[in-house]
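Hi,

Here is the structure I said I would pass on. Have a look at it first, and my notes follow below.

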Amino acid sequence: MAKKVKTQFECQNCGYISPRYLGKCPNCGSWNSMVEEKLQDTTDRRNRTTLTGSKMQPTLLKDVVPKKEPRIKTSLDELNRVLGGGVVPGSMILLGGDPGIGKSTLLLQVSQQLAATGGTVLYVSGEESTEQIKLRAQRLGDAENDFYLFAETDMQDIRETIEKLQPDYVIIDSIQTMTQPDISSAAGSVSQVRETTAELLKIAKSNEIAVFVVGHVTKEGSIAGPRMLEHMVDTVLYFEGDKYQSFRILRAVKNRFGSTNEIGIFEMYEQGLKEVSNPSQVFLEERLEGTSGSAIVVAMEGTRPILVEIQALVTPTMFGNAKRTATGLDFNRVSLIMAVLEKRAGLLLQNQDAYLKAAGGVKLNEPAIDLAIAISIASSYKEKGTKPTECFIGEIGLTGEIRRVSAIEQRVKEVQKLGFEKVYIPKNNLSGWKAPADIEVVGIATLDEALKRIFR
């Protein structure tokens, strides 16, 4: 008698499993997302842990000897910074981003650079043929560094190829196109993505192979597939940018080997991605002098200070309720600062529409930008511009006080390096460090004091 095939129903949004069909997923609440999947024996695949077939054994903590292997640096310093200093052998890195943003271009450049260091690179593509990748490599201008191309989506064939080549680096483009032959669901489903990622993770950890994985994103901007995909990997990178602009921002949202606050900035050319070594100058180069509603702030992205222009447009509302819009800034932060301006500084903003943005497409979300937001709003409301040589740093409390911020010395040095003449900082940040000689540092205690000094 033939063995009965067991089935289960799995939510394609969150991975919830049910023995019977449900119209609504009880875990995430989505409708019609339960798909029937067959359960088959995968014992052979799950038991394999290393390329030689050996299994890992339990080890006492005191007997474990850490390997002091140096990070492998690429030629892209921006990528090295985001990764925490370079590529860690045995790590698994997930790269997500909108279609056409440059994920494959970035990894193709990284493949060429890693191959140039002497490592063996296997580039597995489930979306392009080897001829298409070759043409793209020629367009990037450096197709001489040899690495292996493999156009395949079957994980069994991919594993056999890895066993044969013994590469140092594996690039998977993309995880949603890879399939396990013993799973009946379609490519890109929750089961396929989960099992394929688990297989690659075992290969990476047991053989010291660095694995880069490209992930598609949903229309909400998150990685497509089960949420556990981001929990399984070591590093999650998002490649962001406006398709109408050439600048791209690489941001780490998870990193077991470094900080999650670092960003890397690139510019897309026909010859590929190039680093932007001085992003502050790029974000400020189109600023108009003498206009109202503009203020410059020094934001810290990890260990890097970046000067960004915050713009505000305040106009009388034509409707009963005033409209508030924020681009690149936290909406709740903007609403809070406008409330403090009205209560503590006497600005009547309840009948004013307010539109705010961080110029250049960058996203800011740290307390030190509060003062610049308040100054830009007050500048637009009063129709008085700020001086182009002034910069503003500080957190605003609900009682109107200007609170101290971190890394003040690094921020001021970046301001001085770009030729600014005056910087307003919290009064409590004045002690404990020495300011540069050719810049005026002004300490302020309250928001009302700041407005009187700036717009007197």
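Which residue just after helix 3 takes a positive phi? That is G118, with a phi of about 105°. Before you read on: this is a predicted model, where local features need pLDDT of at least 70, side-chain atom pairs count only at pLDDT 80 or more, and totals for chains, interfaces and linings use all residues. Residues are numbered from 1 along each chain as its sequence is written, and side-chain values use heavy atoms, with hydrogens and water left out.

Helix 3 itself covers residues 103–116 (helices are DSSP runs of H or I with at least four residues, strands are E runs of at least two, both numbered from the N terminus). Of its 14 residues, 13 are buried (under 20% relative accessible area, with a 1.4 Å probe and protein chains only).

Now the aromatics. Searching the whole structure turns up four aromatic pairs (Phe, Tyr or Trp rings, using the six-membered ring of Trp, with centres within 6.5 Å; planes under 30 degrees apart are stacked, over 60 edge-to-face, the rest tilted). One of them is Y123 with F147: the centres are 6.5 Å apart and the planes at 45°, so this pair is tilted. Y123 sits in strand 5 and F147 in the loop between helix 4 and strand 6, so the pair ties together parts 24 residues apart in sequence. Both Y123 and F147 are buried.

Another pair is F392 and Y424, with centres 5.5 Å apart and planes at 15°, so it counts as stacked. F392 is buried at 0% relative accessible area, and Y424 is buried at 3%.

Cheers

Technical notes:
Expected span 1.5 Å × (residues − 1). Buried < 20%, exposed > 50% of the residue type's maximum accessible area, 1.4 Å probe, protein only.
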